Amino acid sequence: EVISTAPRQRFLDFYEKYYSPEKITFVACGDADPEMIKARIIEAYESMESRSPEDVEELDLGTVSTGKGFRTTVFTDNELVQDRLFINVIRPYEMMDDTEDNRLAGLPLNLANRILSQRLILVAKKRGLSDY
């Protein structure tokens with residue numbers, strides 16, 4: 001409703017304030033030829049003029065929240081041909097040296113994650129839900 005009732009000038013003002021080719025990110029998913037996608041992006045956006053950083057404001061996109069505990073989300077799409085289960089944990093990145101001690105410290109968790117993944121794959125296969 002907000003987008004359909006917003007005046008055109010509001011969109012233009014937002015575009016002028018925040019848009020610049022240097023800030024564009026494209027994400028493509030699915031069965032598509034990367035070269036074809038690249039060509040279409042170039043065709044559509046190569047005429048977009050670069051602007052100096054002083055002319056473009058930074059948009060405050062917030063921060064990634066942490067410490068919310070375990071949460072689940074269900075996403076459904078009737079066009080999907082596969083079912084997949086992903087378990088992700090978001091936490092602040094901690095830079096550590098690549099040492100034998102650090103690798104050994106992380107080994108139990110890495111093994112546990114691998115075992116859990118294998119078990120979930122076996123369950124999915126038994127139920128006919130996996131293409132692994």
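Trainee: What share of the 132 residues in the protein chain is buried?

Mentor: Buried residues make up 5% of the 132. Buried means under 20% relative accessible area, exposed over 50%, and partly exposed in between, with a 1.4 Å probe and protein chains only. This is a predicted model: local features need pLDDT of at least 70, side-chain atom pairs count only at pLDDT 80 or more, and totals for chains, interfaces and linings use all residues. Residues are numbered from 1 along each chain as its sequence is written, and side-chain values use heavy atoms, with hydrogens and water left out.

Trainee: Switching to the surface. Which residues make the nonpolar patch?

Mentor: F14, Y15, Y19, L59 and L61, covering about 510 Å². Patch residues have over 30% relative accessible area and no salt bridge; like charges are joined within 9 Å, and nonpolar side chains (Val, Leu, Ile, Met, Phe, Trp, Tyr) within 5 Å.

Trainee: Where is Y19?

Mentor: In the loop between α2 (8-18) and α3. Y19 counts as partly exposed, because its relative accessibility is 39%. Leaving aside neighbours within four places in sequence, Y19 is in contact (heavy atoms within 4.5 Å) with F14, M48, R51 and V56.

Trainee: And L59?

Mentor: L59 sits in the loop between α3 (34-45) and α4 (100-126). L59 has 38% relative accessibility, so it is partly exposed.

Trainee: How many salt bridges are there?

Mentor: One. The rule wants a side-chain nitrogen of Lys or Arg within 4 Å of a carboxyl oxygen of Asp or Glu. D98 and R103 form a salt bridge at 2.6 Å, N to O. D98 and R103 are both exposed.

Trainee: Now α4. Where is its kink?

Mentor: At L107, shortly before the proline P108, and about 40°. The bend is the angle between axes fitted to the seven residues ending there and the seven starting there.

Trainee: What span should α4 have?

Mentor: Its 27 residues should span 39 Å, and the end C-alpha atoms are 38 Å apart, which agrees. The expected span is 1.5 Å times one less than the number of residues.

Technical notes. Accessible areas come from the Shrake-Rupley method with a 1.4 Å probe; for residues, only the protein chains shown count as cover. Helices (H or I, at least four residues) and strands (E, at least two) are DSSP runs, numbered from the N terminus.
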